[in-house]
Amino acid sequence: GVALFMEMKSEVEEDYTPPCDLHEDVSCSVMFNSDYGRGLGQVYKYLGSSHPANQPNNVYFAIFYAFFFLLSLFNYKFIATFQILLSLCAVAVSGYLGYISHFILQNICVVTASTAAVNVLLLMFSFCKRRAFKPKVLKEDKYGYYIPTTNYPSSHNNNFKKF
């Protein structure tokens with residue numbers, strides 16, 4: 001939200017300096033204004049820079065976080081597993097953007113670094129949520145003990161032999 005506001009304001013006002021521009025080597029404006037600041041640096045290559053999908057990266061992350069928040073309202077094991085997969089994808093995208101920022105643009109983007117930290121935390125919390133679900137007990141007797149059974153008829157059960 002805040003990063004998207006800063007990016008939009010820097011596009012509208014020429015003399016606006018975002019508060020995340022701390023130094024010439026630590027600046028989010030470099031990432032915002034580069035080709036990698038929109039569409040993850042990939043949309044314009046395939047669809048063109050005027051395509052509606054070529055939005056600022058912060059739009060994609062805002063949509064992702066809103067969707068992730070909605071999923072977190074439901075406590076089902078398959079949704080927790082899906083959240084882990086989504087978090088892994090977000091960490092991968094953050095790693096990609098961090099690589100772009102550091103090695104290609106030779107700059108450190110505070111927004112990219114903080115987004116990566118948030119995505120790692122989401123991944124850890126998703127693992128914790130997934131682990132919180134207990135496995136289903138297959139069969140219990142009236143005292144709460146598990147009684148293993150076989151799929152064979154009782155005539156094939158040779159565990160106890162009659163004399």
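Visitor: Is Phe-82 buried, exposed or partly exposed?
Guide: Phe-82 is partly exposed, at a relative accessible area of 38%. Buried is under 20%, exposed is over 50% and partly exposed is in between, with a 1.4 Å probe and protein chains only. This is a predicted model, where local features need pLDDT of at least 70 and side-chain atom pairs 80 or more, while totals for chains, interfaces and linings use all residues. Residues are numbered from 1 along each chain, and side-chain values use heavy atoms, without hydrogens and water.

Visitor: Which ring pairs with Phe-82?
Guide: Out of 6 aromatic pairs in the structure, one is Phe-67 with Phe-82, edge-to-face at 6.3 Å centre to centre and 85 degrees between the planes. Rings of Phe, Tyr and Trp (its six-membered ring) pair with centres within 6.5 Å; planes under 30 degrees apart are stacked, over 60 edge-to-face, the rest tilted.

Visitor: What does that pair tie together?
Guide: Phe-67 is in helix 4 and Phe-82 in helix 5, so the pair ties parts 15 residues apart in sequence. Helices are DSSP runs (H or I, at least four residues), numbered from the N terminus.

Visitor: And how exposed is Phe-67?
Guide: Phe-67 counts as partly exposed too, at 38% relative accessibility.

Visitor: New topic: which residues of helix 6 are buried?
Guide: Among them are Val-111, Leu-122 and Leu-123. The buried residues fall within an arc of 130 degrees seen down the axis, so they line one face of helix 6. That arc uses directions from the helix axis to the C-beta atoms.

Visitor: What's on the face turned away?
Guide: Exposed Phe-125, Cys-128 and Arg-131.

Definitions and conventions:
Helices (H or I, at least four residues) and strands (E, at least two) are DSSP runs, numbered from the N terminus.
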